[in-house]
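Here is a quick tour for anyone meeting this structure for the first time. Have a look at it below, and then we'll walk through a few of its parts.

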Amino acid sequence: MTATLFDYFRSSASYRVRIALNLKGIAYESVSIDLAGGAHKQGDYRARNPQGFVPTLEMDGQRVTQSLAIIDYLDAVRPVPKLAPADPADRAHVLAMALAIACDIHPLNNLRVLKYLTGPLGHDEAAKNEWYAHWVGEGLTALEAMAAERSGRFLFGDEPSLADICLIPQLYNARRFDVPLDDFPLLVRVDAQAATLEPFAAAHPDRVAPSA
């Protein structure tokens with residue numbers, strides 16, 4: 001059965017799941033949900049995902065939402081390669097790094113929050129960008145330190161993990177908003193290493209953007 005991923009090419013959460021599917025070697029059909037055009041708010045998509053978020057994965061007769069829940073599901077049903085270590089302490093460390101991005105950086109800077117800042121709250125573009133850069137900088141500073149002692153080619157050891165799956169989309173978006181990354185050499189090095197692997201490269205927004 002072919003998996004179906006309802007996603008948006010620039011969505012960090014969708015980008016994470018594309019990487020995970022590629023690392024697992026799972027073929028999938030992509031259905032683009034245009035966040036910029038508000039397609040995620042429409043009734044037919046809300047019926048599929050009550051939060052109106054992307055991504056949503058339909059696979060093996062199951063429907064799963066929330067990117068980290070989707071990746072956890074994939075790790076359970078397609079356990080090779082493993083994206084979170086089996087050792088409890090190592091697993092906790094990888095999850096802590098992943099959650100530092102997915103729970104503490106990304107939610108403050110996603111599209112609906114930025115639109116609320118410049119819409120109902122009346123902030124201008126400069127203030128929005130300052131908000132974005134502040135939370136990204138604070139979060140990446142912590143992540144650089146968290147990864148330092150146990151990193152290898154990737155954030156944890158020499159194989160990609162859930163932490164790297166979360167990192168790469170976050171750095172992509174940081175660059176979109178011109179956030180300086182000079183203070184994060186370890187994270188930038190891991191990003192460059194990931195870019196050499198086809199599962200990461202094939203998930204990049206430039207590779208999956210809808211045709212004009």
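Which residue in S2 does Asp 7 stand opposite? Asp 7 stands opposite Ser 32.

## Before we start

What you're looking at is a predicted model, in which local features need pLDDT of at least 70 and side-chain atom pairs count only at pLDDT 80 or more, while totals for chains, interfaces and linings use all residues. Residues are numbered from 1 along each chain as its sequence is written, and side-chain values use heavy atoms, with hydrogens and water left out.

Let's begin with the strands. Four of them make an open sheet in the order S2-S1-S3-S4, and the pairing is mixed. Two strands pair if DSSP finds at least two bridges between them. At the edges sit S2 (28-32) and S4 (62-65), each of which pairs on one side only. From one strand to the next, the twist averages 20°; angles like this run from 0 to 180 degrees between N-to-C directions, and axes are lines fitted to C-alpha atoms, for helices over the stretch in contact.

Now go through the pairings. S1 and S2 run parallel and are joined by five bridges. S1 (residues 3-7) also pairs with S3 (residues 56-59), this time in the antiparallel sense and over three bridges. Leu 5 has Leu 57 as its bridge partner in S3, and Thr 4 stands opposite Glu 58. Glu 58 in turn stands opposite Arg 63 in S4, and S3 and S4 are antiparallel, with four bridges between them.

## A strand with both faces covered

Is S1 enclosed or open? Five of the five residues of S1 are buried, so the strand is largely enclosed by the rest of the structure. Buried here means under 20% relative accessible area, exposed means over 50%, and partly exposed is in between (1.4 Å probe, protein chains only). Both faces are covered: on one side Ala 3, Leu 5 and Asp 7 are buried, and on the other Thr 4 and Phe 6 are too.

## Helices on the sheet

H1 lies across S1, S2 and S3, running at about 160° to S1. H3 (residues 67-77) packs on the sheet as well, where it touches S3 and S4, and its direction makes about 135° with that of S4. Contact means heavy atoms within 4.5 Å.

Two packed helices are described by the angle between their axes and the distance between the axes. The axes of H1 and H3 come within 9 Å and cross at roughly 10°. That makes H1 roughly parallel to H3 (angles under 35 degrees count as roughly parallel, over 145 as roughly antiparallel, 65 to 115 as roughly perpendicular and the rest as oblique). Among the residues making the contact are Ala 13, Val 17 and Leu 21 of H1 and Leu 68, Ile 71 and Leu 74 of H3. The contact residues divide into eight nonpolar, one polar and three charged; Ala, Val, Leu, Ile, Met, Phe, Trp, Tyr, Cys and Pro count as nonpolar, Asp, Glu, Lys and Arg as charged, and the others, Gly among them, as polar.

The structure holds five aromatic pairs. One of them is edge-to-face: Tyr 15 and Tyr 172, at 6.0 Å centre to centre with 80° between the planes. Rings of Phe, Tyr and Trp (its six-membered ring) pair if their centres lie within 6.5 Å; planes under 30 degrees apart count as stacked, over 60 as edge-to-face and the rest as tilted.

This pair links distant parts of the chain, with Tyr 15 in H1 (residues 12-24) and Tyr 172 in H8 (residues 162-176), 157 residues apart. Tyr 15 counts as buried because its relative accessibility is 3%, and Tyr 172 counts as buried at 13%.

## Backbone details in the loops

The loops have a few details to look at too. The peptide bond from Val 54 to Pro 55 is cis, with omega near 5°, and Pro 55 is in the loop between H2 (43-48) and S3. Another cis peptide bond joins Val 80 and Pro 81, where omega is about -10°. Pro 81 lies in the loop between H3 and H4 (88-102).

Then there's Asp 60, which takes a positive phi near 55° in the hairpin of S3 and S4, with two residues between the strands. Asp 60 counts as partly exposed, at 31% relative accessibility. Gln 66 has a positive phi of about 70° although it is not a glycine. You'll find Gln 66 in the loop between S4 and H3, and at 40% relative accessibility Gln 66 counts as partly exposed.
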